[in-house]
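Here is a short report on one protein model. Look over the sequence and the structure first, then read on.

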Amino acid sequence: MARLIIVSNRLPVSLHAKPDGTYAMKQSIGGLATAIGPYHKSHNDCLWVGWSSIDPDACPKSEIKSVTEEFKSRRCVPIFLTQKEIDGYYAGYANDTLWPLFHDFAHEATFDSSTWKVYQEVNQKFADAIIEFVNPDDTVWIQDYHLMLLPAMLRSRFPKLKIGWFLHIPFPSPEIFHQLPNGKELLEGLMGADLLGFHTEDFCVNFLASVRALLGLEVDKDGRIPIGSGTSQRFVTVDAFPIGIDYGLYRRNAHSSLAQAMRHGIEAVSGKRTRRVSTSLTAESEAAAEASDQEENWWSAHTSDELPEVELAQSAAAKRGTEDNKVVVSVDRLDYTKGLPERLRAFDLMLSRYPEWVGHVTYYLLATPTREDVETYRKLKDQVDQLVGEINGKYSLLSWTPIHYITRSLPIKPVCGIYTAGDVALVTPLRDGMNLVAKEYLASRDGRDGALVLSDECGAARELTDAFIVNPYDTEAVCEALHSALEIGSDEAKRRNAAMQARLKYRTAGLWSAEFLSTLRQVSDPRMADRRLQSVQRDHLVHEWGQSKRKLVLCDYDGTLTQIVRTPGRAKPTHRLLDLLREVGSIPDVDLYLVSGRTRETMDEWFGCLPIGLIAEHGAWHTKPIEGTTAKNADGRTIAPKRYWRRADGLPDPDEWRPIIETIMNKSVARVPQSFIEYKSTDLAWHYRMSDQKLAQEQRERLVDELQKVCPQYGLMVMRNAKVIEVCPANVSKGEAVKPLLESGRYDFVLALGDDTTDETMFASVSGCASARNKADTHDVDNAGVVKMVDSMETTTTVDGSSAESNGSKPAKKSAAPSAAWTIKVGAGDTNARSRIATPTDTGRLLGYLVAESEAVAAGTGPAPKAKPKSKSKAKKASKSKTSAKPTPKAASKTKKASK
Ligand code: GDG
């Protein structure tokens with residue numbers, strides 16, 4: 001059985017020896033473990049290889065053996081690394097060279113040939129451990145910058161192994177990557193993989209530029225780098241896979257009692273829950289004012305401009321009520337890439353520029369310590385400690401401290417409590433591959449308000465476009481964004497969040513790993529690697545969907561929405577699939593048609609209950625729900641809509657041709673055991689999917705020859721489909737059947753999905769219609785005929801024979817063809833479709849994207865980033881401040897870096 005082997009620097013669990021000699025297993029937290037952990041847990045055929053965190057030099061051999069067994073019982077393969085190896089490979093090359101350089105902190109990077117040597121050795125150690133147990137048909141998924149040489153090491157031993165690699169941090173620009181003395185070797189190491197994944201398209205572009213510059217290799221239109229030539233040629237595919245979070249986990253944890261307790265605690269100290277703070281602020285300001293008026297106490301020895309205390313306290317007491325008090329939160333590892341000093345300076349500026357917030361905004365700053373033994377990190381902590389101290393010292397009042405600073409690691413539930421308490425999340429890393437905290441904040445505030453101030457230097461900014469996006473180096477901009485975020489109205493915040501939440505809810509960590517693995521399977525199969533729907537194209541498709549006014553989805557069933565099975569009757573849709581189709585069909589501006597070769601009886605039985613159109617027997621029959629007959633009963637369950645089937649005009653008379661074709665097909669049934677004839681009202685189909693395939697293939701050719709001689713005289717044609725030969729009317733095809741819809745002018749977006757040759761006619765009609773668009777736009781085509789045809793499809797007849805307009809919307813512009821037209825082939829084989837996906841599961845995922853996008857758009861903001869609301873005070877300040885003309889701190893910082 002082929003297995004999945006995940007390889008990462010650390011294992012997803014760690015072992016802790018208990019006094020009784022047994023071990024306790026602790027689940028790691030963090031993006032990687034939560035993203036892939038559930039897949040590993042739920043798949044018995046999945047193994048995880050990684051560093052055990054145990055030093056073999058400091059551990060007796062017997063213990064190593066028992067620890068290995070313990071890990072093995074959890075399907076983990078531990079790698080034991082000595083302190084020397086850890087120092088060179090992990091602390092050294094990975095964290096002191098690659099981490100800073102990849103985050104554009106070249107000035108923090110050290111280049112040491114001895115750590116590079118250990119990095120090579122440890123990568124080889126991982127390779128040796130894997131080679132010991134891997135099978136050639138296994139799939140290996142390698143994680144992150146620690147193991148960049150591993151793909152080539154494995155490839156050299158297993159030429160056919162499926163190998164994927166994903167980078168969790170940014171990939172730098174070629175200029176920066178060029179500074180790396182061993183950059184070429186690292187890229188060569190990666191060229192051993194079949195699929196290389198990055199968080200964003202920008203990182204892919206950076207990577208490909210370095211591949212071009214250092215290896216002289218080019219990428220083709222399918223996003224593939226050809227390696228070698230002739231029969232030994234293989235391809236490395238590069239694509240973006242933005243990681244998501246376990247949305248449900250954060251949403252649930254946010255409602256836990258621990259999270260609620262944390263939230264209440266934070267709200268109490270920030271003066272949101274009690275009047276204590278306001279009373280105390282008033283008292284404090286009065287006392288200070290009174291003291292300053294009196295002679296001969298220590299206050300009066302100072303001039304009033306030396307008494308900011310009075311001003312602060314008075315301002316705090318006068319400007320706002322406690323109901324306006326706000327909490328700002330952030331959660332970060334204490335790493336220099338997270339931009340904590342820059343963020344604190346912006347918070348400081350905000351309090352000085354907008355003193356009305358003094359006493360009324362509390363910043364809850366969780367900075368989890370990391371790599372405390374490293375000098376740079378110790379210095380960073382000192383710097384953050386000092387800045388927090390300075391700000392607290394500068395603004396604190398008796399009853400209010402501006403920053404609550406915690407440098408401990410907290411369990412996930414209190415972390416969710418912090419998120420739920422935050423009116424604003426300040427997430428401003430200087431550089432970050434994705435940044436999960438921004439997504440976790442939104443999930444924890446599911447359905448609620450709360451504003452996100454987000455750095456434009458992280459991958460998450462590409463997706464969370466409704467956040468307040470800022471340059472994290474620009475103190476002024478962060479200050480203003482923070483102020484705007486604090487002032488945003490609850491409804492506007494909810495509206496922005498709802499759009500982002502709708503997308504995050506769908507684009508989870510589970511989806512991320514499933515998509516990576518499915519792409520790896522697709523690109524490793526030469527029959528399916530061309531025309532692959534790349535993530536940038538998929539995003540474009542989803543974007544066009546979101547932007548369009550009226551959408552048409554034409555979807556084949558067998559092989560497209562469900563796997564081809566041996567017995568056609570067993571391909572019955574699952575509840576999950578029916579729910580998905582119901583969801584798509586229920587979107588107000590969407591018409592979904594299932595376009596199938598199946599009989600109308602089967603289509604009716606399986607899909608008649610859904611609010612969707614059905615086209616059966618390759619177009620011989622069509623129906624759609626009669627407007628207003630789709631309803632819900634008292635339990636909220638959808639009642640099957642009323643529908644009436646219409647037969648296509650001008651079909652040959654089955655009584656004339658059926659006996660002749662049946663006789664011919666029966667000869668094949670007799671020669672090929674387990675083959676059979678399927679009878680449809682306008683079709684006869686010879687199925688051989690359960691038969692001996694060699695025998696069936698031979699007979700199939702004979703059968704086709706014989707049929708082709710007879711069919712034309714009856715107006716019939718022969719179709720070779722997936723393990724079936726069909727005879728049907730020559731004037732019927734899926735392409736002809738969907739033409740009236742395509743040419744109706746009702747739709748500005750069309751998506752057609754199909755897996756076999758019958759669907760190619762549908763693709764041809766969609767492409768033909770789209771390419772005729774220009775013509776249609778420039779000439780006022782007389783399309784009376786077209787409108788008549790579509791009216792026949794759209795005006796349905798009720799069961800009692802009366803006529804009903806099925807769809808209130810009249811063609812917007814009679815001659816208009818869809819401006820966005822997508823044709824997608826599912827699976828292997830020649831095609832004229834624009835793109836290809838691998839399996840029906842991929843079709844389901846794509847439809848899921850579309851549902852989520854429609855929800856996001858309906859939630860209010862749509863895909864385009866919106867202008868930030870301008871607060872009153874911001875407008876006021878903007879007219880006073882001339883500082884925006886200054887060079888940004890980022891530019892200054894870059895200059896500083898360059899001079900180092
Ligand atoms: C790398 C890339 C990419 C933090 N403190 C506590 C705690 N955390 C959790 C957060 C979040 C995770 O740690 C941090 O994830 P980030 O994405 O923000 O950053 P990195 O750790 O640098 O992760 C990054 C990620 O890989 C995934 O690909 O997004 O760009 O740098 O989940 O919640 N969790 C708990 N207590 C803490 O004190 N429980």
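Asp-144 is buried, at a relative accessible area of 11%. Buried means under 20% relative accessible area, exposed means over 50%, and partly exposed lies in between (1.4 Å probe, protein chains only). This is a predicted model: local features need pLDDT of at least 70, side-chain atom pairs count only at pLDDT 80 or more, and totals for chains, interfaces and linings use all residues. Residues are numbered from 1 along each chain as its sequence is written, and side-chain values use heavy atoms, with hydrogens and water left out.

Asp-144 sits in the loop between strand E6 (139–143) and helix H5 (150–157). Helices (H or I, at least four residues) and strands (E, at least two) are DSSP runs, numbered from the N terminus. The phi of Asp-144 is positive, about 75 degrees, although the residue is not a glycine. Most residues other than glycine have a negative phi.

Asp-104 also has a positive phi, about 65 degrees, and is not a glycine. Its loop runs between helix H3 (83–102) and helix H4 (113–133). Asp-104 is buried, with a relative accessible area of 18%.

## The chain as a whole

The chain has 32 helices and 32 strands. Of its 900 residues, 56% count as buried. Contact means heavy atoms within 4.5 Å. Among contacts with a separation of 6 or more, 73% join residues 24 or more positions apart.

## Helix pairs

Two packed helices are described by the angle between their axes and the distance between the axes. Axes here are lines fitted to C-alpha atoms, for helices over the stretch in contact, and angles run from 0 to 180 degrees between N-to-C directions.

| Helix pair | Angle | Axis distance |
|---|---|---|
| H7 (183–190) and H8 (201–215) | about 110 degrees | 10 Å |
| H9 (247–254) and H15 (412–421) | about 80 degrees | 8 Å |
| H20 (509–523) and H30 (840–858) | roughly 140 degrees | within 12 Å |

Angles under 35 degrees count as roughly parallel, over 145 as roughly antiparallel, 65 to 115 as roughly perpendicular, and the rest as oblique.

Start with H7 and H8. They pack at about 110 degrees, which makes H7 roughly perpendicular to H8. Their crossing is left-handed. A crossing is left-handed if the near helix is turned anticlockwise from the far one by less than a right angle, and right-handed if clockwise. H7 contributes Gly-183, Lys-184, Leu-187, Glu-188 and Leu-190, and H8 contributes Phe-207, Ser-210, Val-211, Leu-214 and Leu-215. By class, the contact of H7 with H8 has 6 nonpolar, 2 polar and 2 charged residues. Ala, Val, Leu, Ile, Met, Phe, Trp, Tyr, Cys and Pro count as nonpolar, Asp, Glu, Lys and Arg as charged, and the others, Gly among them, as polar.

H9 and H15 are also roughly perpendicular to each other. On H9, the contact involves Leu-249, Tyr-250, Asn-253 and Ala-254. H15 answers with Ile-412, Lys-413, Cys-416, Tyr-419 and Thr-420. The contact of H9 with H15 divides into 6 nonpolar, 2 polar and 1 charged residues.

H20 and H30 are oblique to each other. H20 passes H30 in a left-handed crossing. Leu-511, Ala-514, Glu-515 and Ser-518 of H20 touch Asp-842, Arg-845 and Tyr-849 of H30. The contact of H20 with H30 has 3 nonpolar, 1 polar and 3 charged residues.

## Cysteines

A disulfide is a covalent bond between the sulfur atoms of two cysteines. The criterion used is a pair of cysteine sulfur atoms within 2.5 Å. A search of the whole structure finds 0 disulfides. The sulfur of Cys-76 has its closest cysteine sulfur in Cys-46, 9.1 Å away, too far for a bond. Cys-76 is buried, with a relative accessible area of 2%. Cys-711 is in no disulfide either, and the nearest cysteine sulfur, that of Cys-728, is 8.7 Å away. Cys-711 is buried too, at 1% relative accessible area.

## Two single residues

Thr-200 lies in the loop between strand E8 (195–198) and helix H8. Thr-200 is buried, with a relative accessible area of 7%. Leaving aside neighbours within four places in sequence, Thr-200 is in contact with Ala-240, Gly-459 and Arg-462.

Arg-582 belongs to helix H22 (residues 575–586). At 22% relative accessibility, Arg-582 counts as partly exposed. Arg-582 and Cys-609 are 27 residues apart in sequence, and 8.9 Å apart in space, C-alpha to C-alpha.
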